[in-house]
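Morning, everyone. I'll walk through one structure today, going from loops to sheet to salt bridges.

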Amino acid sequence: MEYLSKAEQARIRVLDKKKEREEQGRFIAEGLKICSELLSSSFNIQYAVISDDASSSALSLAEEYEQAGIEVCKAGTTAFSRMSDAVNPQDIFAIVEIPESSINIPQTFLALENINDPGNLGTILRSADWFGMKHVILGGNCADPFNPKAIRASMGSILRVQVHIEESLSKFLHEWKARYSDGELFGLIVESNASLKDIHQLPNAWGLIMGSESHGLSPETSSSITKPIRIDGTDSAESLNVGIATGIALYHCMNVQSGQ
């Protein structure tokens, strides 16, 4: 097991920046959980790195990587910490290729617009995974799903949910409606007349569209919504966090779908 070169260390240290991830075509996945789950995923792992003082769990996982034919390198404790984005590094990370964002228009999907906080995005991906929503569309000024904070917040769900980045969310929605003319597009809009709890039946094709809690959905996206909905509350708080709101909406819609 060889030590990682200083030149490669320098390239890894800048992977916390979106521009660098795009130029290098790869991202860093940190920690025992996601590095373990990567082995059974469809993602292409370039190599893994362990710290000089790696725990027995990290060393055991490194052996699994080597048995799978994936290179494992070492790094000194200080060098490892400098490459890691985590406050408390877990002694192992993997360098992974960013997959191509190709899509066949899905029958059901969750779309996010202008969710620019990577922690919120990761939490939403985790909720989508939990409730069985396989396709997540990102439009507008969304955070990069391969941001280290988004990956950590997703708790490995980034590996199982198919994330598609669309330059124009409104264009995607128009194409979806042309393909699924009998489908329904639900959009969370605070001032809507209809409530989430009023949804008792879903068509075969449907989408749920969520905007940022500060600005909501853009006019272009709102014009594609066929069924605006709200989440009822007591009005004592100004708004719901978008991650929590998305989880509530997914819980309701996926349960309605499974009960049909």
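Is Met-155 buried or partly exposed? Met-155 is partly exposed, because its relative accessible area is 34%. On the cut-offs, buried means under 20% relative accessible area, exposed means over 50%, and partly exposed is in between, with a 1.4 Å probe and protein chains only.

Some ground rules. This is a predicted model, where local features need pLDDT of at least 70, side-chain atom pairs count only at pLDDT 80 or more, and totals for chains, interfaces and linings use all residues. Residues are numbered from 1 along each chain as its sequence is written, and side-chain values use heavy atoms, with hydrogens and water left out.

Back to Met-155. Its phi is positive, about 55°, although Met-155 is not a glycine. Most residues other than glycine have a negative phi. Met-155 sits in the loop between helix H7 (148–154) and strand S7 (162–165). Helices (H or I, at least four residues) and strands (E, at least two) are DSSP runs, numbered from the N terminus.

Asp-91 also has a positive phi, near 75°. Its loop runs between helix H5 (77–83) and strand S4 (92–97). Asp-91 is buried, at 17% relative accessible area.

Now the sheet. Six strands form an open sheet, ordered S7-S6-S5-S9-S8-S10, with parallel pairing. S7 and strand S10 (227–229) are the edges, each pairing on one side only. Two strands pair if DSSP finds at least two bridges between them. Neighbouring strands are turned by 20° against each other on average, direction ignored. Axes here are lines fitted to C-alpha atoms, for helices over the stretch in contact, and angles run from 0 to 180 degrees between N-to-C directions.

One pair in detail. Strand S8 (residues 184–188) and strand S9 (residues 206–211) are joined in the parallel sense over 4 bridges. Gly-187 has Ile-209 in S9 as its bridge partner.

Next, the helices across the sheet. Helix H6 (residues 118–131) lies across S5, S6 and S7, at about 170° to S5. H10 lies across S5, S8 and S9, at about 170° to S9.

Which residues does Ile-124 touch, leaving out those up to four places away in sequence? They are Leu-110, Leu-112, Ile-115, Val-242, Gly-243 and Thr-246. Contact means heavy atoms within 4.5 Å. Ile-124 belongs to helix H6. Ile-124 is buried, with 0% relative accessible area. Ile-124 and Ala-249 are 125 residues apart in sequence, yet 11 Å apart in space, C-alpha to C-alpha.

Last, charges. The structure holds 13 salt bridges. A salt bridge is a side-chain nitrogen of Lys or Arg within 4 Å of a carboxyl oxygen of Asp or Glu. Glu-37 pairs with Lys-33, closest N and O atoms 2.6 Å apart. Both lie in helix H3 (residues 32–38), 4 residues apart, about one turn of the helix.

Arg-152 and Glu-30 also meet in a salt bridge, at 3.8 Å, N to O. Arg-152 is in helix H7 and Glu-30 in strand S1 (residues 26–30), so the pair ties together parts 122 residues apart in sequence. Arg-152 is partly exposed, at 30%. Glu-30 is buried, at 14%.

That's the tour. Questions, please.
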